[in-house]
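Here is a short tour of one protein model. Keep the sequence and the 3D view side by side as you read.

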Amino acid sequence: MNRVHARLAAHARPADGFVSQPEPRTVGFFARGRQMIAGNLMFAGHLVEAPGASLWGITPPDVAFAEETHGFGWLDDLAAVGDLKARRLAQEWLWDWIERYGRGSGPGWTPELVGRRMIRWIHHALFVLRGQPAERSEAFYKALGAQAQFLSRRGASSSPGLPRFEAMTGLLYAGLSLEGMQSHVEAARMALGAECQRQVDEQGGIPTRNPEELLEVFTLLTWAQSALEEADMGLHPGHTDAIVRIAPTLRALRHADGGLARFHGGGRGLDGRLDQALAASGSKKRRIEGLAMGFARLSAGRTSVVIDASPPPSGVASSNAHASTLAFELTSGRRPLIVSCGSGEVFGEDWRRAGRATLSHSTLCLQGYSSARLAPTRWVGQARRELLEQAPKEVPTYISHLSESVRFEGGHDGYVAQHGLTHARSLEISLDGRSLRGEDYLVALEPPAKKRFDKAMDAVKLSGLPFEIRFHLHPDVDVAVDMGGAAASMALKSGEIWVFRFEGKAEMRLEPSVYLEKGRLRPRAAKQVVLSGKAMQYATRVRWSLAKAQDTAIAVRDLAKDETDLTV
């Protein structure tokens, strides 16, 4: 259906020109632009070396590579370089695209890709049109007109969420920026507002719970806001309300180093994009209490902790959901310390599945199981296995402000169905941000849960149910375990040293880990600290602490001062 409408749209009346001089708002990467000029083309985790070749003459390694190129995000990078070579390359690739695909053919004719592409063309129109003859300008405007017509017919058919926001923002841009396209403005404005009302909840979150995707949605909404305000047009009430709700949520999901928490398929976010979007929104509101898109935030001094405090996304939004309930990340100043492995989507399906598993997050998991039902996965060379547990349904949480600290308490029932055990976790950060104390519990709470636990114990001949508590470290962290295995020192590039200690019936070891991030050709090697033990009774507790080196004695004292047993 998209192809039929794309070919029909190719015969639409071309745009007559720009109503006003467009202003580029997208942020590109200078280094990536220089690499493209040198012929090193990296998209969707694939590097293709093709000096002097047209981008469209290259056979895409996979669908993701093709989609990224047809979205024209690379135009931001070439514009960031901005010199004559960059402009000539951008012009060559753009008009080659028009020649090959401008009549409605090829893989780039989906509503979200058309919307993404139109935004870049309009943002960088002055950059690419400079010095071009009249016939090329005519072809450019004709292609823009065709894409606007396609979006007017097919934009509403795009998938809900980010794809539809991209399609509707592209159509709005076309209607506001191009002469002869004004008839599309009202429909796009209304559709954008309606999508905000459907997708953005009271917490300022979206169904996927992906922080980076929320940033992309927010960025599109601020671009549309600026375009409407410049045209002296009002925003749909749903559009305005969404911006007001999202801004404080993104601030809550932001670590001390400026990067976003990496959960549910999201990465840190493009450098500078969040600052730019927050400034453009005009919203200075900060979230004070409660969860932000299902995440809890603890921050003090120069330390930030972000915790996944809700069940994984479900339904349509679950395709990239991570089994990360009660996992946390910690950043000290400008340096990440405790992290999630991240989304492996750019490295292929196996890595995508691996990144979703519980053992790819800094939390507790029963050995060999994940706290949500996912596809079979391979993780760092381990054998393929089925992740059997059900996704948590109940995740009660509580945040309390104490005289010398802030404490998060939460639990989830993801292991109850199979093993009768509830995982409960408390995290307590000192008010100066120099220490974090944690406790992890496995508890059989109700009689039916105790029966399941007894049955699980019978299955292993009363040898105990193995569990692991993982603390994944950023690749830049140097870690060493002391000879007795009672402590680990973690050195950051800033010179800070954090010391990890634990207490309880567990053993500590150092294992390989990975750090999965966009923009790299392969996963980065990293380390993780793993506490392993066995649940032998209805209640099992492991206590641990992270403290800056000069605060280690205080952390040890705090671990030792409470030896009370659990009462179940």
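In what order do the 8 strands of the open sheet stand? The order is 8-9-10-11-18-15-14-13, and the pairing is antiparallel. Strands here are DSSP runs of E with at least two residues, helices are runs of H or I with at least four, and both are numbered from the N terminus. Two strands pair if DSSP finds at least two bridges between them.

This is a predicted model, in which local features need pLDDT of at least 70, side-chain atom pairs count only at pLDDT 80 or more, and totals for chains, interfaces and linings use all residues. Residues are numbered from 1 along each chain as its sequence is written, and side-chain values use heavy atoms, with hydrogens and water left out.

**The whole protein**

The protein has 17 helices and 18 strands. Of its 568 residues, 57% are buried. Buried means under 20% relative accessible area, exposed means over 50%, and partly exposed is in between (1.4 Å probe, protein chains only). Now take contacts between residues at least 6 apart in sequence: 68% of them join residues at least 24 apart. Contact means heavy atoms within 4.5 Å.

**The open sheet**

Go back to the open sheet of 8 strands. Strand 8 (397-401) and strand 13 (478-481) stand at its edges. Each has a single partner strand, so one side of each is left without a neighbour in the sheet. From one strand to the next, the twist averages 15°. Those angles run from 0 to 180 degrees between N-to-C directions, and the axes are lines fitted to C-alpha atoms, for helices over the stretch in contact.

**Strand pairs**

| Pair | Bridges | Residues opposite each other |
|---|---|---|
| Strand 11 (435-443) and strand 18 (539-548) | 9 bridges | L436 and L546 |
| Strand 3 (295-300) and strand 4 (303-308) | 6 bridges | L298 and V305 |
| Strand 6 (335-339) and strand 12 (465-473) | 2 bridges | I338 and L473 |

Two of these pairs are hairpins. Strand 3 and strand 4 have 2 residues between them, and G301 in the turn has a positive phi of about 55°. Strand 5 and strand 6 also form a hairpin with 2 residues between them. Its turn holds G333, with a positive phi of about 60°. Strand 6 is mostly covered, with 4 of its 5 residues buried.

Most residues other than glycine have a negative phi, and most peptide bonds are trans. A44 is not a glycine, yet its phi is positive, about 55°. A44 sits in the loop between strand 1 (40-43) and strand 2 (46-49). D232 is not a glycine either, and has a positive phi of about 55°. D232 lies in the loop between helix 11 and helix 12 (237-252). Are these residues buried or exposed? A44 counts as buried, at 10% relative accessibility. D232 counts as exposed, at 73%.

**Helices and cores**

Helix 9 (residues 162-177) has 16 residues and reaches 22 Å from its first C-alpha to its last. That is close to the expected 22 Å, where the expected span is 1.5 Å times one less than the number of residues. Of those 16 residues, 15 are buried, so helix 9 is largely enclosed by the rest of the structure. Helix 8 (residues 134-154) has 21 residues and reaches 30 Å, close to the 30 Å expected. Its buried residues include F140, A143, L144 and Q147.

Those four names return in the contacts of W121. Leaving aside neighbours within four places in sequence, W121 is in contact with residues including F140, A143, L144, Q147, F72 and W97. A nonpolar core is a set of buried Ala, Val, Leu, Ile, Met, Phe, Trp, Tyr and Cys residues joined through side-chain atoms within 4.5 Å. Which residues touch the most other members of the largest nonpolar core? They are W74, W121 and F140, in a core of 85 residues. Helix 11 (residues 211-230) gives the most to this core, with 10 residues. Apart from it lies another core, of 50 residues, among them A296, A300, A456 and W498.
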